[in-house]
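Reader: I would like a close look at one part of this model. Please keep to a single helix and its neighbours.

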Amino acid sequence: MRLRALVRVPLPVLLAGALAAGCSSPAPRPPAPNPDDVVKAAQQRLTDGCLRHRGFTPPRPGEHPPPAAERQRVAAALFGTGRTELSLTLPTGHTVGAHTDGCLAAAQRALYGDQKRWFRVSTVVNNLKPEAAHADRPLAEVRAGHRAELTQWRRLRARALKNAKTILSADSPNAPRGS
């Protein structure tokens, strides 16, 4: 009988100790958001605000698409119109172009600071693998040949991430509530 009493006494003490130890541990932190996702979210917020400012409803996947004429007007507002002001011919022979007058261009200027430079370095960096394949050279060799563009890309990307965090933390009229 006495043995049973000794066993009961430590059990509540052990449970209380385990509970106290569990409560004193810090909660695990959620993983940091991917920098690409942060920049994309800020770009989305900026382009949505620009489209609304121009009188359009930003398109969303899964929503019923508007008539074709409206889709064309939204695309023109988003991507720009007329002659492409920015153009770069890659070593693969492909030419990439972009406008400077659409909502996407405005978002890029807000995030990266210099849309023309961002267009140039991001186009080069995003096409390093095709360039290596086209030239039949190792990717590391091609990357080494574009060291300056990679450095500029990293600097502009860091600036965009900083600006994106500011944009997303601001409680602007275009910001979704509760996010």
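Author: Here is a look at helix α4 and what lies against it. This is a predicted model: local features need pLDDT of at least 70, side-chain atom pairs count only at pLDDT 80 or more, and totals for chains, interfaces and linings use all residues. Residues are numbered from 1 along each chain as its sequence is written, and side-chain values use heavy atoms, with hydrogens and water left out.

Helix α4 covers residues 68-79. Helices are DSSP runs of H or I, at least four residues, numbered from the N terminus. α4 has 12 residues and reaches 16 Å from first C-alpha to last, close to the expected 16 Å. That expected span is 1.5 Å times one less than the number of residues.

Val-74, Ala-77 and Leu-78 of α4 are buried (under 20% relative accessible area; exposed is over 50%, partly exposed in between; 1.4 Å probe, protein chains only). They cover an arc of only 95° around the axis, so they sit on the same side of α4. The arc is taken from the directions from the helix axis to the C-beta atoms. Their cover includes α3 (35-53) and α5.

Take α3 next. Thr-47 lies in this helix. Thr-47 counts as buried because its relative accessibility is 6%. Its contacts (heavy atoms within 4.5 Å) include Leu-78 and Leu-104, not counting residues up to four places away in sequence.

Leu-104 belongs to α5, residues 103-112. Leu-104 is partly exposed, because its relative accessible area is 22%.

Just after α4, Gly-80 takes a positive phi of about 100°.

How values were computed:
Helices (H or I, at least four residues) and strands (E, at least two) are DSSP runs, numbered from the N terminus.
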